[in-house]
Amino acid sequence: MGVFSKLKQAFASKKDNDTYLSGLSKTRTSFSQKIRKLSLNFTGVDETFLEELMIVLLEADLGIKTAQKVVNEVENRAMDKKLKSMNEINECLVEVLLEMYEEKEDDFAYNESGPTVILMVGVNGSGKTTSTAKLANHFLKQGKTVAVVAADTFRAGAIEQLKRWADRLSIHCIMGRENGDPSAALVDGCRYAKENAIDVLICDTAGRLQNKVNLMQELSKMHKVIHKEISNQPNQVYLVLDATTGQNGISQAELFMESTNVNGIILTKLDGSAKGGIVIAINDLLKIPVKYVGLGEKVDDLKVFDPSAYLYSLCEGLDDEG
Ligand SMILES: Nc1nc2c(ncn2[C@@H]2O[C@H](COP(=O)(O)OP(=O)(O)OP(=O)(O)O)[C@@H](O)[C@H]2O)c(=O)[nH]1
Ligand SMILES: [Mg+2]
């Protein structure tokens, strides 16, 4: 059985497959249309073909380095295995993309002796507040008790925004004071979580574009404050990245990773982007896992990232090409 059929079979049994398929429809439509166009002119794996493949991958936002690796690998395999038809090339492309994605073990661990704390960071507008609510919903569905901290004291209306989500989810929101110190809200949040046997405490923070030194100081202060209240926390720092910002997201991520220990990425707005290939670039260049993907605006649209469901959703239909 070819890699495509295996992906298809695995995908059929996944519970989130509808959200994946619809969330990635923009990327898939654009990607598969271009591959189809490539097939029309296909006469063999020559320089023109490889150049055109490179353009398709760049347009899907794999980024130059990652796209080049994929093209080289497809070329090598096509030569080695003497691949002739576009069907074989498509199969080979999917295989290469799948192999490029190195799965990393999830370092998330529930705190056995108290609340598990998650800190959400990222530039403004990336989707931190929305993802805080979606993540809260995810843990509620796992049967956990959850509370959220509105520690974005910087942007007017940010605290209310999270409070509204919390009310909808019927969970407690520990609210910071507008223009106050975000650390005070974090301390209150940690204390509330300890006193009320909360399993998971998710802390939303302000998104400010700032230089590395300030960012480092701010993140380190938040870390310290949480750590002082709950000794082995935060367990996770999630960097929230907007998929529509494309390769810019990679440089943002680099800045955050230099400033603090980031455990994983929440990649939002994949549904609004035709550039879903960014997932592969993040994995290849940053070496940190995409842990969740935002595939829509509803509270249920945040999904645990699943590489094979992602790849299948990107390439669905390509196996029918001749
Ligand atoms: N379509 C779609 N929209 C999303 C997704 N995630 C977030 N959004 C939208 O993006 C916008 C910004 O989201 P917020 O959660 O407020 O972003 P933020 O990072 O908290 O913004 P600041 O607090 O201003 O830094 C909102 O309109 C959200 O509905 C997603 O996965 N898909
Ligand atoms: Mg926000």
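Visitor: Is Ser-183 buried, partly exposed or exposed?

Guide: This is a predicted model, where local features need pLDDT of at least 70, side-chain atom pairs count only at pLDDT 80 or more, and totals for chains, interfaces and linings use all residues. Residues are numbered from 1 along each chain as its sequence is written, while chains are lettered from A and ligands numbered from 1 in the order in which they are written. A residue is buried with 20 or more other C-beta atoms within 10 Å of its own, exposed with 12 or fewer, and partly exposed in between, C-beta atoms being placed from the backbone. Because Ser-183 has 18 C-beta neighbours inside 10 Å, it counts as partly exposed.

Visitor: Which residues does Ser-183 touch, leaving out those up to four places away in sequence?

Guide: Ser-183 lies in helix α9, residues 182-195 (helices are DSSP runs of H or I, at least four residues, and strands are runs of E, at least two, numbered from the N terminus). Contact needs C-beta atoms, placed from the backbone, within 7 Å. With residues up to four places away in sequence not counted, Ser-183 touches Lys-221, Met-222 and Val-225.

Visitor: Which residue in β3 does Ala-150 stand opposite?

Guide: Strand β2 (residues 146-150) runs parallel to β3, and 4 bridges join them; pairing takes at least two DSSP bridges. In strand β3 (residues 172-175), both faces are covered, with His-172 and Ile-174 buried on one side and Cys-173 and Met-175 on the other. The β3 residue opposite Ala-150 is Met-175.

Note on methods:
Two residues are in contact if their C-beta atoms, placed from the backbone, lie within 7 Å.
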